[in-house]
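Student: I would like a close look at a single part of this model, taken slowly and with the residues named.

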Protein chains: 2
Amino acid sequence: MMLTNRQLLILQLTVDDFIESAQPVGSRQLSKKPEAPFSPATIRNEMADLEEMGYLEKTHTSSGRIPSEKGYRFYVDHLLTPEKLKTEDSIQLRSIFRDKIVETEELIRKSATILSDLTNYTSILLGPDTSLHTVKRFSIVPLDEKTAVAIIVMDNGRVENRLFTVPEGFTASDIEKMVNILNERLVGTPLAHLQRMLVQETKTVLERHIHHTGDLYSSFQRAISIEPEERLYFGGKMNMMKQPEFNDIEKMKTFFEMMDKGAPAMKFFQEGLAGIHVRIGSENNHNAMEDYSVITATYSAGDNMTGSIAIIGPKRMDYARVITLLDLMSNDLSRELARLTIGGGTAGGNEH
Amino acid sequence: MMLTNRQLLILQLTVDDFIESAQPVGSRQLSKKPEAPFSPATIRNEMADLEEMGYLEKTHTSSGRIPSEKGYRFYVDHLLTPEKLKTEDSIQLRSIFRDKIVETEELIRKSATILSDLTNYTSILLGPDTSLHTVKRFSIVPLDEKTAVAIIVMDNGRVENRLFTVPEGFTASDIEKMVNILNERLVGTPLAHLQRMLVQETKTVLERHIHHTGDLYSSFQRAISIEPEERLYFGGKMNMMKQPEFNDIEKMKTFFEMMDKGAPAMKFFQEGLAGIHVRIGSENNHNAMEDYSVITATYSAGDNMTGSIAIIGPKRMDYARVITLLDLMSNDLSRELARLTIGGGTAGGNEH
DNA sequence: ATTAGCACTCGAAGTTATAGAGTGCTAACA
DNA sequence: TGTTAGCACTCTATAACTTCGAGTGCTAAT
């Protein structure tokens with residue numbers, strides 16, 4: 001059941017129009033466009049066919065047509081006219097890279113903001129998985145008799161610190177010994193294995209050299225348990241309120257609840273497939289997401305590590321524009337992060 | 001113009017009722033309450049007087065009464081029956097202090113969440129001003145030839161870190177020298193003076209001992225410029241959506257905009273007066289805040305440092321309950337932070 | 001001083017009327 | 001044969017009108 005050229009054209013114009021106006025599209029209205037030099041009646045006939053084939057829907061018997069999910073899908077797959085970005089937009093997009101930012105996190109955070117500003121939708125960035133990064137240096141700074149702060153520097157420059165309680169009778173030289181042992185044995189360990197290695201490699205050694213390790217060990221171990229950094233960054237959560245389809249306070253509530261609780265657990269990214277992916281409404285396989293479309297892209301952060309960018313908006317989202325923007329942003333981010341990435345990466349000589 | 005006892009009673013009942021129901025209070029309705037054994041007509045007369053005196057208002061000619069701002073003010077100042085907290089509530093309030101938290105920030109963050117959960121309003125906590133804390137230790141960890149991470153440990157256990165670019169030709173021993181100089185000269189400096197002291201105390205010394213300081217200095221200085229930690233913590237931003245008066249999407253928008261942009265700049269706390277303060281509607285001296293009431297309290301974080309807690313809600317907020325909760329929370333927080341606060345505080349022996 | 005009674009007001013909610021945009025179908029047309 | 005004009009029909013959104021009830025203020029009786 002192939003679509004004729006005219007049907008393709010009409011489907012495209014219908015989706016375009018609905019994306020722009022958020023109003024059901026009527027035949028009369030369409031026929032006024034110079035791209036569709038047909039009479040309303042002709043268009044009505046074609047629309048009826050498109051509806052029969054499942055690409056269009058009516059909200060009620062005598063309304064204009066709106067795209068169905070199948071219609072959006074077809075539109076995204078075959079009818080998208082890649083949007084040329086306005087220069088002012090690409091200037092704004094690139095503006096983050098102007099002022100030399102040196103911290104990955106800040107870069108990602110700013111990217112999220114800019115993306116949401118440019119699209120007027122909500123952006124979600126997933127930071128690169130840092131669990132492959134390795135420990136570069138341990139250090140312990142005593143604050144008073146009972147407390148000290150443990151500092152772990154990763155090879156990407158990330159620094160983690162945790163307060164912990166020092167057992168009584170623990171001397172400065174004990175701490176020094178401990179730091180030395182940790183640095184000897186654990187530098188080069190990937191974050192993911194740190195917990196395990198801590199036990200395997202250092203427990204007996206520590207106990208041999210230092211008295212009173214009992215308390216120390218447990219409290220230090222708790223201190224060292226670094227959770228994989230909070231990796232989700234949001235931008236423009238409030239933008240969704242600008243969309244006419246969410247003028248309803250109830251929808252708003254469920255959306256925000258989803259962002260707060262659901263999103264982290266969501267499988268938006270889990271796949272992390274390279275390239276740009278569009279998921280429309282129910283394709284998200286999530287009840288609360290039926291009214292939304294999500295477009296994801298990935299970026300690379302050196303050393304085989306990747307992160308994801310996503311834009312979430314109404315199904316009636318400006319797919320062309322968002323795809324263009326995400327494509328640009330993922331490339332720019334990858335390039336910029338490559339520039340930032342330090343030295344030879346995880347395998348850079350500290351393995352023991 | 002003193003109020004009679006009966007007028008006081010009726011004013012109180014009216015405010016109480018409106019706070020609970022969010023509906024204008026009628027005379028008939030009030031007269032049903034056992035506390036007000038008067039006929040509707042009597043109550044009408046009293047209400048008319050109260051309106052004349054400015055304590056009550058009507059939304060339209062034949063509606064029931066709602067409290068005016070003056071009415072709320074009087075209610076808060078004179079009619080509040082201090083609420084006895086349900087035991088389950090105080091248990092929940094205290095639950096944060098059960099599991100020993102060692103980091104101030106986490107404690108404050110959790111407090112914000114619990115406060116908003118218990119009140120169903122939005123909470124804002126202002127962390128203690130940390131600019132009085134002093135530097136405990138500098139350290140620099142080189143990551144590769146061009147990059148290093150500067151780490152500053154404060155005497156309260158806070159750790160700041162920043163990546164910076166190392167000028168070419170800068171050796172490991174140069175870094176060591178630099179760290180030593182910094183530790184000699186700047187340990188004990190309060191955060192607030194760090195920038196100034198860096199120039200005064202170390203610039204010439206550094207330049208004497210190390211070549212190529214030019215680039216280093218500027219890039220390091222940028223790295224070391226610690227902004228006073230982001231000090232605002234929010235809880236339950238979404239709670240405002242539960243309030244019937246904000247069923248309107250426009251109000252919602254302006255509220256969230258205010259939270260995102262305005263609140264940090266707002267003078268909620270700036271005064272930081274000890275004790276509990278209630279600001280009602282226009283008393284906030286802020287256009288966008290006319291529909292909201294804010295209740296603030298302060299807590300002490302040792303060493304003369306104080307932070308603030310605030311609850312922001314509709315004018316029709318449950319003042320009694322919120323005041324009780326804030327009072328409890330500010331005391332508990334103060335106590336807990338005193339326990340956490342380390343050693344003798346800023347004057348603890350590291351002054352140079 | 002209090003209260004019952006009553007006429008009056010106003011908003012909320014329901015009903016009806018109207019206008020407009022859209023449709024499907026049929027018949028005329030190129 | 002594909003396209004289009006014409007027309008009756010459908011449905012929504014909006015406005016206009018009604019009804020209902022809760023509330024008020026005022027007056028007169030208790």
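Which helices each supply at least two residues of the surface near DNA strand C?

Tutor: Bearing in mind that this is a predicted model, the helices that each supply at least two residues of the surface near DNA strand C are helix H2 (27-31) and helix H3 (40-52) of chain A, together with helix H3 (40-52) of chain B. Of these, H3(A) gives the largest share of that surface, namely four residues. There are 20 residues around DNA strand C, and those that come nearest are A:Gly26 and A:Ser27 from chain A, with B:Ser39, B:Thr42 and B:Ser62 from chain B.

The axes of helix H6 (residues 104-119) and helix H11 (residues 319-340) of chain A come within 11 Å and cross at roughly 165°; because angles over 145 degrees count as roughly antiparallel, H6(A) and H11(A) are described as roughly antiparallel to each other, and their crossing is right-handed. From H6(A), the residues A:Thr104, A:Leu107, A:Ser111, A:Leu115, A:Leu118 and A:Thr119 take part, and they meet A:Arg321, A:Val322, A:Leu325, A:Met329, A:Leu333, A:Glu336, A:Leu337 and A:Leu340 in H11(A). The residues of this contact of H6(A) with H11(A) divide into nine nonpolar, three polar and two charged.

Notes:
Residues are numbered from 1 along each chain as its sequence is written. Chains are lettered from A and ligands numbered from 1 in the order in which they are written. This is a predicted model: local features need pLDDT of at least 70, side-chain atom pairs count only at pLDDT 80 or more; totals for chains, interfaces and linings use all residues. A residue is near a molecule or strand if its C-beta atom, placed from the backbone, lies within 6 Å of it. Axes are lines fitted to C-alpha atoms, for helices over the stretch in contact, and angles run from 0 to 180 degrees between N-to-C directions. Angles under 35 degrees count as roughly parallel, over 145 as roughly antiparallel, 65 to 115 as roughly perpendicular and the rest as oblique. A crossing is left-handed if the near helix is turned anticlockwise from the far one by less than a right angle, and right-handed if clockwise. Two residues are in contact if their C-beta atoms, placed from the backbone, lie within 7 Å. Ala, Val, Leu, Ile, Met, Phe, Trp, Tyr, Cys and Pro count as nonpolar, Asp, Glu, Lys and Arg as charged, and the others, Gly among them, as polar.
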